[in-house]
Amino acid sequence: MGILRSKFFISVALFAVVSSLLAIVRFGNIAPTDFPIRTWTGWAVEDFLSDKKGRPNVVFLGSSLVLVPVAGVDADYLKRPIDGSHHHQSQYFEDQFKKHSGIQVKTFNFGLPGEMPSDAFLITKFLLKGEKRPDVIVYGVGPRDFMDSLLPSPAATDPYQYLSRFGDVTSHKHLIAPEWDQRLNFELGQLFYPYGHNYDISVTADRTVTSALDKILPAPKTDKPYTIAERRLLFPQYKQMEIGAAEAFFRPTTPEQRTFDNANMKEYKKRYAHLNWRTFTHQMKFLADLMNTARDRGTQVILISMPITDLNRDLLEKGTWDSYKKSLKVLAQSKGASYLDLGDSKAFSITDFMDTVHLHSGGGAKLLDILAEKAAGDHRVMSALDPTNSSIAGLKGGQL
Amino acid sequence: MLFNSLQYLVFLPTVFLLFWLTPHRFRVPLLLVASYVFYMSWRPIYGILIFGLTLANFLLVPFIEKAVEQKNKKLILGFTVALNLIVLGIFKYAYFTMDAVKSTLGVVGIDWSAPHLHIILPLGISFFVFEFIHYAIEVYRGKPVVKNFLDFALFPSFFPTQIAGPIKRYQDFVPQLHIPVKFKWEYVDEGMQLILMGLAKKVLIADNLALVVQAGFTHPEQFSSLDMWMITYAFAFQIFFDFAGYTDIARGSSLLFGYKVPINFNLPYIASNVSDFWRRWHISLSTWLRDYLFIPLGGSRGGKWLTYRNLFITMALGGLWHGAAFHFLAWGAYQGIVLIIHREYEAAMQKIGVHEKLLQSKVYHWASVVFTFHVVCIGWVFFRADDMKIAGQVLTKLFEVPTALMHFSASQLAVLQIRDPIIFPALVLILPTLMVSTFVVNWLNNKKFYQSPPWAVQVTVMVALMCLLTIFTPDSSPRFIYFQF
């Protein structure tokens, strides 16, 4: 019996045919904006793309290092709890910037927990364009963003899962899937439609089954319907990243309530252990590509080396802090970005932090004050925000 | 390296190609290297453990054969078995023993703080230690030793069966290594069919049921009695499809090299009594326990009570083999007790003289199948529970069922209330389907369907499985349950 009579190889050939047919009809495909699970990313993307939001002038990018203080400041400033799923602006910055520059800007806070430069790049490439192109991107980074040894690959973050569906990422596959098995996984996904689109197809299948079961076996009427909180108790690992509306609040605080806790030292020790220079250079490459993309579209980038505590900085391997700072400075200079180095700034003390890396709302207000003042004094930023600037105006609202 | 991983997707075809391109005399060394690569990909240091035990057994067991006097043979056998058991004991039962000692001392008022030994259980140790013991006992019983070290080394380390069996017999396995087999496409067809079926059992069925089981056995207080019965049924099918899936992949992987390893399951849930169940469930372990524990203890030779004692000890130790915890011991003891009760029941029925008539009745047979399934399911509660406390809570829930049935309403069922994940309400349809499918498979077996299934059916099934597996295989599927043993 030859290979042509082997049932297995005939099955593989038929599978390739079926796979191609499924690709042609785009079987089970769901829109990138269709978020089966609402996570911080889902809420932010939906809010950003909504028509009501219009075009923001200033977009904040970054991890929780940016998200937490920026949202926290607004809770204090507006004197009300801020719903993290819906509040994506910085009212405080808008007002401070107006005070310094006389210009009213509209902001959008795209800070997301765990956001890496790879994620920030995807946001910039796929979302911050056309009618949603901002004039200025403020990107706050910390050492963790470039040297998290707990992150297997850029594709492992929650933002990547959603953002990668908005466009083609093959040009960056060597950075997204650096290990051979990750690369194989990526290539198999490109080769076989059902594998590459298994998330979409399984979501569609899940919805179909749910809809059928709701008809065949409806949930019995009861006084106590099943809640998400109960589900979390039963399945702590299931849909871990899901955030419900009105579930994650930033609440107003007083200076007395803003206390420091170094509980995340252990976590960061693990994150900084066994520094992988390939991760560092790959994430720097994503940052460079973000800046290139923004520059090509006429968007000015303000890169901030975010303040972190000495305690956290001391956990870094010798020499890495200097390499990190030097890389940021060189990159910002070469790409024409504005650079705000607050990494070890004396303007911040340990009393401005809630833990070893995150500023609390008081520290956040200090950060936004400095940013508003510096941005207002930066002619490149002001020029980008100027609607009469001819070199930029031609790009306003236009696709690249 | 997991069978359901991308690493294995590369590893298996690579070894397969090298194997068939290599001359016959180099194939055993090739498989040996591949098997050590497979084992050491998890924790390289444990390669030394399996190699050390292999070398020790290879050097010691020939002394059993050479010894002239029976007394000396027994002595060397005892030493060899003890050595294997001590290694197993250190790695698997050290914490369990220390906990037991601590609890005992606590009863008499002594507070002993047990040292932390930093021991990580080596994968597959229970399986390869049992293979070594089998080898030593068989040589003691007069079977020949394996003269070639490479052949012997491949016997416990053969990668398809290395981590979770089936527990092989060296008389069946080693001679296959000497047959200069030529490549046949049938090996690929049959092997890959088994691998695909195994993956489907694991990924599509067992892993989905695992969600329900995990919730039920972590928070039994959240579920009603009827829910807990469904969750217990779900575990019965989860563990079957998980382990049978693993075995299929192991057998399929072996077949790609032209080697056959024993089957482990024969439709266990159509067993009509618990003895029958143990002839169908984890066959390679149950026959090992019979041959190397039950029979050496005296088997059925010493009268009723000694037989029952031997049965109980065998099953209790069999339970403990699964894991160093009281709930596994309780599961084994439960199996021993139900086997004894079954023997007593059969004897009583024979005495009354109605047994033959009843056996011939189909109603009795199917009622026995249903009853046996439930007896087995109650046992699974001990097996699945994390500890005896949870097992007690689940069993209490299960036995509340008459009250629940007396005032039944659908609103009692949490499985219908929980709509996300959807596997919960789907359970109401999936469980009967799985139960019925067991009988359908049995019927097809009896019709000899599996001996020569139609070509188109085989191809269609394989294509369908490829599609389903590529779509529904999650990024990280849980490990096979039997990997922990």
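How many residue pairs are in polar contact between chain A and chain B? In this predicted model, the count is 14, with both residues of each pair at pLDDT 80 or more.

Three salt bridges were counted between chain A and chain B. One salt bridge joins B:Arg419 to A:Asp214, with 2.9 Å between the closest N and O atoms.

The contact involves 43 residues of chain A and 39 residues of chain B. About 3,900 Å² is buried between the two chains, and carbon and sulfur atoms give 74% of this area. In chain A, the residues that lose the most area to chain B are A:Lys7, A:Phe8 and A:Leu234. Together they account for 17% of what the chain A side buries.

Chain A also holds an open sheet of five strands, with parallel pairing. The strand order is E3-E1-E4-E6-E7. Strands E3 (107-111) and E7 (338-341) of chain A stand at the edges with a single partner strand each, so one side of each has no neighbour in the sheet. On average, neighbouring strands are turned by 15° against each other, direction ignored.

Within this sheet, strand E4 (residues 136-141) of chain A pairs in the parallel sense with strand E6 (residues 300-305) of chain A over six bridges. A:Gly140 has A:Ile304 as its bridge partner in E6(A). Helix H2 (residues 40-49) of chain A lies across strands E1 (58-62) and E3 of chain A. Helix H2 runs at about 155° to E3(A).

How values were computed
Residues are numbered from 1 along each chain as its sequence is written. Chains are lettered from A and ligands numbered from 1 in the order in which they are written. This is a predicted model: local features need pLDDT of at least 70, side-chain atom pairs count only at pLDDT 80 or more; totals for chains, interfaces and linings use all residues. Side-chain values use heavy atoms; hydrogens and water are left out. Contact means heavy atoms within 4.5 Å. Buried area is the accessible area (1.4 Å probe) that two parts lose on being put together, summed over both. A salt bridge is a side-chain nitrogen of Lys or Arg within 4 Å of a carboxyl oxygen of Asp or Glu. A polar contact is a pair of N or O atoms within 3.5 Å; within protein, one must be able to donate a hydrogen and the other to accept it, and residues adjacent in sequence count only if both atoms are side-chain atoms. Two strands pair if DSSP finds at least two bridges between them. Helices (H or I, at least four residues) and strands (E, at least two) are DSSP runs, numbered from the N terminus. Axes are lines fitted to C-alpha atoms, for helices over the stretch in contact, and angles run from 0 to 180 degrees between N-to-C directions.
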